[in-house]
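Trainee: Could you take me through one part of this model up close? I would like to start with a single residue and then see a few other places.

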Amino acid sequence: NIIIGGYRGLALSSAVDCKVINNTFYNCISIVEFPTINAPLCTSFQATFQNCYGMIKNPKMITSPTLTKNFASIFQGCVSLKTFEYNTDFWTKQSSSYASMFSGCNSLETIPDTIDTSGTITVSGNNGMFQNCVSLEKAPMMDLSKSQNITSIFGSCTSLKTVPSYTLGAAAQTGLNSIFTNCNSLTEIGIWTFTQNISLTSAAFQGCTSLLKAPDWDLSFATAVNLMFSACVNLASIPEYNLAAISSAASSINMFPNCYQLQKGKTTGLRYTITYQNCKLSRTALVDIFNGLGTAVGTQSITITGNYGAASLTAGERAIATGKGWTIVG
């Protein structure tokens, strides 16, 4: 029994020969099941099933292995979708966009181990692809080497525990903002390979309350890291990030807010205001941080209030920072 827009018994044609089926079943909130959709000539499936609240399982789809297709928002808002089956005729390789493909599928639990995303991708890329998939525990293996934007790709995936090792190409480095925001079950991510340098990572791990280990990424070209680890309340240490390219205090000041367990926070080359307020830094850890600071640009401050090691710092140790033009708060 197929329910489409409240009407029972309406079946799809076995062959859909049009090239665009955007929004075809948009907001058909009663859809439960589809027959096979044969669309070998179709190049755009954007929002085809968006907000089909009743659909539990995606239909079998037959698409072309060679045509470039747009899958943006195809299943967005399908809140009952529990299983995404990746049949051999559903070709995802050649795509111009996977943006918000499963965004808001908050019942989605089962997806393939690998989704082939190795084709050419436009500027919209993979941003928001799995955003708000709150039941998803494991991210699939994907080729992100040609993606130009992965902003919020796993944002608010609150059950996500594991993420594989990805390779990101030159284009993706501009869009790493909020990629794991509020993934509060995530403890660690795989080793990511960057073919070129990262420029934007603001709020990348904001709200990852279970994160224990920060990724060893090359941030030497990063221009913004604000809120990168905000509210990572169990984060104990970070690699020695090179922050010499940070361009303003607004881009760096709140890299570690509410990181109450942070015991190792040394960076190198930073020239703009930063706060380590209420972290768990010892005297030795604070001295390491002072040693790593670059020369302050104008009036800049480093806040160490609430760290147990602050009270035992000697005047000479504080002079390591003040001698580079920094004002120490705390």
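This is a predicted model: local features need pLDDT of at least 70, side-chain atom pairs count only at pLDDT 80 or more; totals for chains, interfaces and linings use all residues.

Mentor: Leaving out residues up to four places away in sequence, S152 touches G128, Q131, N177, S178 and I179. N132 is 20 residues from S152 along the chain. The C-alpha atoms of these two are 9.4 Å apart.

Next, move to strand β13, residues 326-329. In a regular strand, side chains alternate between the two faces of the sheet. In β13, W326 and I328 make up the covered face. T327 and V329 make up the uncovered one. β13 runs parallel to strand β12, residues 300-303. Four bridges join the two strands. One detail of that pairing: T303 has V329 as its bridge partner in β13. Helix α2, residues 315-322, belongs here too. Together, β12, α2 and β13 form a right-handed β-α-β unit.

Finish with the empty space. Rolling a probe the size of a water molecule over the atoms shows where such space is left. The largest pocket has a volume of about 200 Å³. Its lining includes E188, W192, K213, D216 and W217. Sorted by class, the lining has seven nonpolar, two polar and three charged residues.

Terms used:
Residues are numbered from 1 along each chain as its sequence is written. Side-chain values use heavy atoms; hydrogens and water are left out. On a 1 Å grid over the protein atoms alone, a cavity is a set of points where a 1.4 Å probe fits but cannot get out, and a pocket is an open set with protein on both sides within 12 Å along at least five of seven lines; lining residues have an atom within 4 Å of a point. Grid points are joined across faces, edges and corners, and a volume is the space filled by probe spheres set on the points. Ala, Val, Leu, Ile, Met, Phe, Trp, Tyr, Cys and Pro count as nonpolar, Asp, Glu, Lys and Arg as charged, and the others, Gly among them, as polar. Contact means heavy atoms within 4.5 Å. Buried means under 20% relative accessible area, exposed over 50%, partly exposed in between (1.4 Å probe, protein chains only). Two strands pair if DSSP finds at least two bridges between them. A crossover is right-handed if, with the strands pointing away from the viewer, the path from the first strand over the helix to the second runs clockwise.
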